Amino acid sequence: MANSAANVKVGTTGAIYVGETSATAPTGATSTLTGFASYGYISADGVTETRDRSTNQIRAWQNADLVREVVTEASATFQAVLLETSGATLAAYYGATVNDTDGSIEINPASTGGRKSFVIDLIDGTDAIRTYVPSGEILSVGEQVYVNGEPVGYDITITAYASEDGYSYKKFYSALVD
């Protein structure tokens with residue numbers, strides 16, 4: 001296979017969308033989303049996808065030879081800092097609903113807001129990479145720092161759960177479609 005500079009992708013823009021777990025699953029990298037809403041602007045650091053695995057090495061009595069290694073734990077997370085202060089971002093960060101009457105939000109630090117579906121789009125010109133998390137939850141949030149000259153950000157980490165279809169998330173690559 002020859003080298004091809006066209007195969008080098010850069011996440012020049014993108015978006016994170018949230019919907020109920022019953023929202024219609026996307027069918028491709030650029031298919032229309034139904035039942036999803038955008039979180040709006042994301043910090044310049046973009047989205048960080050992390051896959052973690054723990055393994056157990058099985059060793060034989062003879063010479064302590066390694067005979068097998070099995071995955072004992074695995075997880076996938078997606079971290080980003082949401083920049084817009086809106087009902088959707090506050091609900092994501094605090095795991096609570098904003099009171100539209102007075103603009104307040106009652107915060108319970110243990111509340112996650114429950115399981116949702118998420119779509120993360122990465123766009124590079126006419127190419128798109130779409131990540132679909134059918135069942136995920138915002139289990140971790142970062143510190144909130146208020147600094148003169150800096151935006152208020154909402155640092156969230158989405159944990160992907162195993163779906164009924166046997167995967168935690170699915171990726172679509174428009175550049176791989178013939």
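Which element gives the most to the lining of the second largest pocket?

Analyst: That's helix H1 (87-94), which gives the most to that lining, with four residues. Before going on: this is a predicted model, where local features need pLDDT of at least 70 and side-chain atom pairs count only at pLDDT 80 or more, while totals for chains, interfaces and linings use all residues. Residues are numbered from 1 along each chain as its sequence is written, and side-chain values use heavy atoms, with hydrogens and water left out.

A pocket here is an open set of points on a 1 Å grid over the protein atoms alone where a 1.4 Å probe fits, with protein on both sides within 12 Å along at least five of seven lines; lining residues have an atom within 4 Å of a point. Helices (H or I, at least four residues) and strands (E, at least two) are DSSP runs.

Back to the second largest pocket: 18 residues line it, and Val18, Tyr39, Ala91, Ala92 and Lys116 lie nearest its centre. Besides H1, S1 and S5 each supply at least two lining residues. Its volume is about 260 Å³, counted as the space filled by probe spheres set on the points, which are joined across faces, edges and corners.

S1 (13-19) and S5 (116-124) turn up again in the largest pocket, where they, S3 (48-59) and S6 (127-141) each supply at least two lining residues. There S1 gives the most, with four. That pocket has a volume of about 450 Å³ and 22 lining residues, with Thr13, Gly14, Gly46, Val47 and Asp121 nearest its centre.
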